[in-house]
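This report describes a structure chain by chain.

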Amino acid sequence: MLQLNDVTKKFGKHTAVDQLTLSIPEGEIFGFLGANGAGKTTTFRMILNLLENTEGEIFWQGKKITYAQSNEIGYLPEERGLYPKLTVKDQLVYLAKLRGMAKADSVKALKDWLERFNITEYENKKVEELSKGNQQKIQFISAVLHNPRLLILDEPFSGLDPVNVEMLKKAVIDLKQAGTSIIFSSHRMEHVEELCRFLCIMKHGRPVVEGDLTEIKRSFRKKNITISADYDLTFLKETPGVVKYQETQQGCKLQIASSEDAPVVWKLLTEKGFVSKFEVEEPTLNDIFIEKAGEAYA
Amino acid sequence: MRKFWIVFSHTYLSRVKTKGYIISSAIFLLIICGIFYIPDIIERFTGDSEDPVVAVIDETENEQLYELLSSGAEDYQPVLFDGNEEEAKQAVENEEFEGLLVLSQSEQNLPQAVFYGMQLTNSTSDDMEAQLQQIKVAQAASQAGVDEATIQDIYTPVSFERQALDEEAKTEEELAGSYGLVYILVFALYMSVIIYGMMIATDITNEKSSRVMEILISSSSPVGQMFAKILAIGMMGLTQVALITAAVYVMVKIRGDELGGGFFDFIGIANASPVTLTFALIFFILGYFLYATICAGLGSVVSRMEDVQQLVSPVIFLVMGAFFLSIYGLSSPDSSIIVIASYIPFFTPMIMFLRIGMLGVPAWEIALSIAILVAAILLIAWFAAKVYRGGVLMYGKGGSFNQLKEAMKLSGNIKNKSK
């Protein structure tokens, strides 16, 4: 388990992370979200020993985190980085060695991974000769090759086509089932909803939402309503309880302040005429994110 | 510590395997072999060709000057020309002769001459002038009634021996030997600091610009990686030095007997004492570490290749300054500028070695300068480590020295524990 206790990071007068307390459970995928500049990368860098936290403590498996534990950690940074001139094999073996893996083991493991991602033919190619998507797969392998117990994935699926996204997603789920604790950061809310049971949304260095995803959704009072009708629905904008109004091809989408407002809207509509569709839905993570992380991020 | 050696061997092997390294080593080896065959090559060019033939028109009585000239002619072959001056000049233009020498007698009854050649830069004419000068002196002297023996005495060089009273002073033979060695080391240091210093800086910047740095420093401590790199590239330089030394050794074994002593005096290694050679190695290593550490620190703050050159250039100027100062020092190793400079760490490796090589320097002076140098290296290493830790996380643009300050600030935020 990774435990952050009152972790604060200040750069001069600017506070990047403010008294962050988190516990990331073992064998789970933990969604770590936030708008740009919310303090995600700084938090990762503190976990990885790249930055010293100004206050607080970080524990991994009950021990204070240092370079001694770096062999148990894997990292896929948002800014991708590999040696362009080295071959896939040399590169991965070197990076795995730096994580304390023996050469023979790493060669065997990398063959398995290349096979899994259908890129065995690139083993002895230079990384710069690979397509962006394939470089991305190599980057992913470099983060997981040494069987880390804690894996930090920062935007792992960006720039990949849907087929490859599924392939990597499957790999992430398999790692989780093998017991790896994964911190997953992404701006793609549908990926987070699909993969993470626990999550945290950061804003200005503080968590604004934290916990179990279903709990978070339930406790979020606002609901969505999708309406299809063949008459003008703009009058709903003025209805009390309606927070957001968005026109669609068939009708409109509403966000209401709480589920009690749904019958009110229903009543108004049936007075007007025929409704072909009326559906009250749980809020999406996207809604929660926009609400909590601020309007500036859309 | 294990990871230190992983970074070390990776840097060393990936560098040694590059084409550039293999080619440059091969060129060095070829040059070394070439030097040992220089006497043969010179012989090949000069030995086969005959001495240049010079046409002579002698206007003196009985052609007596020609007689004197041809009896003592060396390195050229005077031939009496049968014809007038115009015909002779024509013959020179047709390259039948190297040149034309017209000899005559002055009013004082002394020899004089005019030389006609295709070019004025002609060593044959110098030889003839020198010989004619001797004839002139002999004639003038005999006209004045001085006998032959006296003239011989006049020409004998004065006996002048230099004896140093300082026990540590070099003998003349040693000095001649050191001169070549000092020059070689100073030049080698100059070249290697520029080449390897640049290599370290670009290596680090490369890892930053390809963004692989963040993965590297999350695996092991950045400062350990910095020193592993400095050591690896230094070791690569030493590998090249060892190759060259081995080549010299092999060539001496093969060619030593044929070439004889004169050749080694020329290179200056034969008379160099083992002490001087030891100091050469010490100052080479210390000088490398001093400049390599600076370059590593500087390389860490920039993230684009274009900016490396800009930031490293002051260091290059410093090395160039040291180099030119030591060229000056070769001719006056005891001047006060040289003495002072030998204590300034940036100059010590070249200048102090120059003093040791050229003069007798008291042990305490050497010890003091090395102590200052080592202290400076440690200080710079500490400073560079601080810059490096922050610098590797910085991705600004531009290669200004403000970056250094920023890197130091950022470094204050970074973990001190390293393991």
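## First sheet of chain A

Strand β1 (residues 2-11) of chain A is joined to strand β4 (residues 55-60) of chain A by five bridges, and the two run antiparallel. Within this pairing, Leu4(A) has Ile58(A) of β4(A) as its bridge partner. The model discussed here is a predicted one.

β1(A) and β4(A) belong to an open sheet of four strands with antiparallel pairing, in the order β2-β1-β4-β5 (chain A). The edges are taken by β2 (14-24) and β5 (63-64) of chain A; each has a single partner strand, so one side of each has no neighbour in the sheet. Helix α1 (residues 40-47) of chain A lies across β1, β2 and β4 of chain A, and its direction makes an angle of about 65° with β2(A).

Strands of a sheet pair through backbone hydrogen bonds, in either a parallel or an antiparallel sense. Strand β11 (residues 223-229) of chain A pairs on both sides. With strand β13 (residues 251-256) of chain A it forms six bridges and runs antiparallel; with strand β14 (residues 275-281) of chain A it also pairs in the antiparallel sense, over six bridges.

## Domains and annotation

Chain A is split into domain 1 (2-217) and domain 2 (221-282). Taken over C-alpha atoms, the centres of domain 1 and domain 2 of chain A are separated by 41 Å. An unreviewed UniProt entry lists residues 2-229 of chain A under "domain: ABC transporter". That span, residues 2-229 of chain A, is 33% helix and 30% strand, and its end C-alpha atoms lie 50 Å apart.

Chain B also has two domains: domain 1 (2-36 + 171-411) and domain 2 (53-155). The centres of domain 1 and domain 2 of chain B, taken over C-alpha atoms, are separated by 56 Å.

## Contact between the chains

How many residues of chain B are in contact with chain A? There are 22 on chain B, in contact with 24 residues of chain A. On the chain B side, α1 (2-16) and α9 (213-219) each supply at least two residues. α9(B) gives the most to this side, with seven residues. By class, the side of chain B that touches chain A has eight nonpolar, eight polar and six charged residues.

## Helix packing in chain B

Two packed helices are described by the angle between their axes and the distance between the axes. Helix α12 (residues 274-301) and helix α15 (residues 348-358) of chain B have axes that come within 9 Å and cross at roughly 170°. Angles over 145 degrees count as roughly antiparallel, and α12(B) and α15(B) are therefore roughly antiparallel to each other. From α12(B), the contact involves Thr276(B), Phe279(B), Ala280(B), Phe283(B), Leu286(B), Gly287(B) and Leu290(B); these meet Pro349(B), Met350(B), Met352(B), Phe353(B), Ile356(B) and Gly357(B) in α15(B). By class, the contact of α12(B) with α15(B) has ten nonpolar, three polar and no charged residues.

Helix α13 (residues 305-331) of chain B packs with α15(B) at an angle of about 10°, their axes being 9 Å apart. This angle makes α13(B) roughly parallel to α15(B). On α13(B) the contact is made by Ala322(B), Phe323(B), Leu325(B), Ser326(B), Gly329(B) and Leu330(B), and on α15(B) by Met350(B), Ile351(B) and Leu354(B). The contact of α13(B) with α15(B) has seven nonpolar, two polar and no charged residues. Met350(B) is listed in the contact of α15(B) with α12(B) and in the contact of α15(B) with α13(B).

Key. Residues numbered from 1 in each chain as written. Chains lettered and ligands numbered in written order. Predicted model: local features only at pLDDT ≥ 70, side-chain atom pairs only at ≥ 80, totals over all residues. Axes fitted to C-alpha atoms, helices over the stretch in contact; angles between N-to-C directions. Parallel < 35°, antiparallel > 145°, perpendicular 65-115°, else oblique. Contact = placed C-beta atoms within 7 Å. Nonpolar A, V, L, I, M, F, W, Y, C, P; charged D, E, K, R; others polar. Pairing = 2+ DSSP bridges. Domains from an automatic or database assignment. UniProt positions renumbered as here; feature names shortened; annotations may be inferred.
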